[in-house]
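Welcome, and please open your viewer before we set off. We will go from strand to strand, with something to select at each stop.

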Amino acid sequence: MKKVIWLVLSIWFLNAMPFEAAETEADKRMYQNRMELFKKMETATAIPWYYYAGIDQYERSLRFVRDDLPKPKDNISVYIPPEKWAGYMNPNHEDTSPLTIAFFHGVGVDGNGDGKADRTDSEDVLAAIGKYLLSYGTDHDNIKIALWRYYQRDKSVSLIIGNAMMYKNYGKLNLQDKTFPLPKRFNYSYKNTWGDARGWGGRRTHEGTDIFANYSVPVRSVSYGIVEMKGWNRFGGWRIGIRDINNTYYYYAHLNGFADGLKIGQTVAPGTIIGGVGSTGYGPPGTSGKFPPHLHFGMYKDNGKNEWSFDPYPHLKNWERQSDS
Ligand SMILES: [Zn+2]
């Protein structure tokens, strides 16, 4: 019996770890270390630190969900392919000589002054990005153009700029705090309905958790993030989509309305009120009351090619336990 409990506990713990672990000393050092590198680049290039942080975080999130890229390490996670680093015509794709790399128009540079342009060194990689961005300019619009030319994809640019705006507005790199979507002083109930044939007012297979509560109970953002979508959908009613720094997308549906002044493109923090519980959906805009009031809460990931939903229930349980209010 004891064994079983331990097994269950450790599975739960392993599941929870990557998302909800409190900041450890090692984390603190890692964030400090990264911030120092970004600030150093800001000094060297006059491009604000949060753009570097936004690019780095975009690539880190991508590498967690892609099998064709090496997994990220602790520090800077930007992956520059060897031939891009060394120069496409360079016969040696593992070249670390700044001179020959420059000769073959590679992007690689020596950022830490050790005489080598090493694409696995954090400072060298950041210096290469800085040099590339500087060739376009230091203002917001030119940075966006540079990013578009580099990634050739609108979505990548908007994710990076979204990250940068979050870092700028909150002034720190650790934006992993979470909270439960409803304030705990209100009555609510929910259970694990993942994969049920139908949720209340949900889709054909239920991709999320329904949290039942009275009309107008405040709905809060669970995470730091950017409001990416806001409006009416036939199934979801009045709903909001928010994307966080890890490229996780949170979906809040059937709301009875939105918080005053909440805009697409705005940054939110865990606990920011975004709307109220309602029963909207299943008809033209404004349709309400076809099922009991509840918040439908969904979580999604994408890897740049496709998108999938995953079960929010264990996360909700965690955030509920950890929220003070
Ligand atoms: Zn639902």
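How many bridges join E3 to strand E9 (residues 273–276)? Select both strands in this predicted model: 3 bridges link E3 with E9, and the two run antiparallel.

You are looking at an open sheet of 3 strands, ordered E3-E9-E7, with antiparallel pairing. Its edge strands are E3 (218–220) and E7 (257–258), each of which pairs on one side only.

Next, move to strand E4 (residues 225–233) and show E5 along with it. These strands pair in the antiparallel sense, with 7 bridges between them. Pick out isoleucine 226 and you can find its bridge partner, arginine 243, in E5. Follow the chain from E4 to E5 and you pass through a hairpin with 3 residues between the strands.

Stay with E5 and select residues 237–243. Is this strand buried or exposed? Here 7 of the 7 residues are buried, so E5 is largely enclosed by the rest of the structure. A residue counts as buried when 20 or more other C-beta atoms lie within 10 Å of its own.

For the last stop, bring in strand E6 (residues 248–255), which pairs with E5 in the antiparallel sense over 5 bridges. Glycine 241 stands opposite tyrosine 251 in E6. E5 and E6 also form a hairpin, this one with 4 residues between the strands. Zoom in there on asparagine 247, which takes a positive phi near 65 degrees.

Technical notes. Residues numbered from 1 in each chain as written. Predicted model: local features only at pLDDT ≥ 70, side-chain atom pairs only at ≥ 80, totals over all residues. Buried ≥ 20, exposed ≤ 12 C-beta atoms within 10 Å, placed from the backbone. Pairing = 2+ DSSP bridges.
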